[in-house]
Amino acid sequence: MSTSFDLAVDWANSVSAGNRPKMWGEALALSLVEHSADIILVLTEDHICLFANPAVCDRLGYAPEDVLGHDVIPLHHPDDLPHAQTMLARAAASPGLPAQSEVRLRHQDGSWRWMEVVAVNRLADPAIQGIVCNLRDVTERTEAAIAAQEALRHQEAARRDLEHLNHAKSSFLRLLGHEFKTPLTVIAGNADLLEMEEARSESLLESARAIRGEAQRLARLIDDLLLLDRLEATRLVLRRDSIDLNALVTETVNRMRNMAPRRVFHFQLGTDLPPVQADRERVVQMIVNLVGNAVKYSPDGEPITISTARDGSAVCLSVTDRGIGIAAEELPTLFVRYHRARSGEMKGIPGTGLGLAIVRELAQLHGGEAWAESVEGEGSTFVVRLPVDSSK
Ligand code: ADP
């Protein structure tokens, strides 16, 4: 790209060659420089500004005397300094050959303007004796290009998220198929047994229990799916109450004992625990999911510890087991719906990956949080943090 100054001089010279006075061409060149929309600077080899046209004021807000006699390098954005220095060095090394670059310069008001810069070494030209720089303000074009790139990056990230979600959804649907089929097989098998006339009363009772158990499992699964849907659509409204967490934990776990009659549950309940502001039914649900998991993912003989403790303006409920544990790299995705850890799947323990997603979303809806700490092969602790009832 030729600078407007170059064009002006060339044109003026060609005109003056055809019998017009040379002064005519110079006056025209000066007029073009004066009225150019581009900034035109003449620099020494050390980047000191010898000349600046009025556009430096229109484009960057500086009066010519603010730049005249000063090094122009400090006007550059710190990230663009290497570009600017390389470009000026290239221009200096090749007299007459334009060197080009796009850099940000600081406006007098502190904002940054993108400039397309063309620098030509005219040090040897006795009429100029400097490096002529033409700076075209391309802020709008460059910012639009950057915004388009950013939008593209967001789109790409959203596409990757969607792919990830689709993948999780597919494996969830496979799981769901399995989860529905297993109880249905049990229900159908036991119904067949009930139909057989020779079935004795004890086995009838057994079949009825199996049917009820599996039907309850299916109902729980459907409840979980519906609850997650309500959480996702932010349709779930909490009925907050002032709750004694120690009493609720003890009551809930005691009700769960018949589900795991051979288990030992240890309670380590904090004394003088303040009440929490929470929805009783939803807190029960979080306890049931965490204690249910501890039972499911740890061997029968191992104890399960349930603790409560005050933690600043919140109360923490922890459930600790000595079970199969979870690999550290899987901990961050554990609370994402449909996600299951490798350790559980490898052991063939049935599950849908919904329970912890429900726990975290309920905790967050309460203004709290939920997380896990675990060592694979040694055990896990799941924690729910709920805000205390500040009105008490
Ligand atoms: P589900 O148990 O139905 O698969 P959850 O959302 O409750 O779903 O748990 C997600 C995953 O986290 C489980 O599949 C399991 O891999 C892992 N997990 C949850 N609780 C424990 C625990 N106490 N010990 C080891 N792994 C656990």
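Trainee: Which residues lie nearest the centre of the largest cavity?
Mentor: This is a predicted model. In it, L41, V72, H76, L105 and L135 lie nearest the centre of the largest cavity, out of 17 lining residues.

Trainee: Which elements give two or more residues to that lining?
Mentor: Those are strands β1 (39-43), β3 (99-106) and β5 (130-137), plus helices α3 (55-60) and α5 (81-93).

Trainee: And how many of the lining residues are nonpolar, polar or charged?
Mentor: The lining has 16 nonpolar residues and one polar, with no charged ones.

Trainee: How much space lies in there?
Mentor: About 160 Å³. The count of cavities of 30 Å³ or more is one.

Trainee: Switching to packing. Which residues have the most contacts inside the largest nonpolar core?
Mentor: V283, M286, V291, I306, L334, F382 and V384, in a core of 52 residues. Helix α9 gives the most to this core, eight residues. There is also a second, separate core of 26 residues, with V72, A91, M115 and A119 among them.

Trainee: What does V384 touch?
Mentor: Leaving out residues up to four places away in sequence, V384 touches M286, L290, V315, C316, L317, V359, A363, E369 and A370. Of these, V359 and A363 are buried residues of helix α11 (355-365).

Trainee: What covers the buried residues of α11?
Mentor: The cover includes α7 (201-232), α9 (280-296), β11 (369-375) and β12 (379-387).

Trainee: What comes just after α11?
Mentor: G367, with a positive phi of about 85°.

Definitions and conventions:
Residues numbered from 1 in each chain as written. Predicted model: local features only at pLDDT ≥ 70, side-chain atom pairs only at ≥ 80, totals over all residues. Heavy atoms only, no water. Buried < 20%, exposed > 50% of the residue type's maximum accessible area, 1.4 Å probe, protein only. Helix = DSSP H or I, 4+ residues; strand = E, 2+ residues; numbered from the N terminus. Contact = heavy atoms within 4.5 Å. Core = buried A, V, L, I, M, F, W, Y, C linked by side-chain atoms within 4.5 Å. 1 Å grid on protein atoms, 1.4 Å probe; cavity = no way out; pocket = protein on both sides within 12 Å on 5 of 7 lines; lining within 4 Å. Points joined across faces, edges and corners; volume = space filled by probe spheres on them. Nonpolar A, V, L, I, M, F, W, Y, C, P; charged D, E, K, R; others polar.
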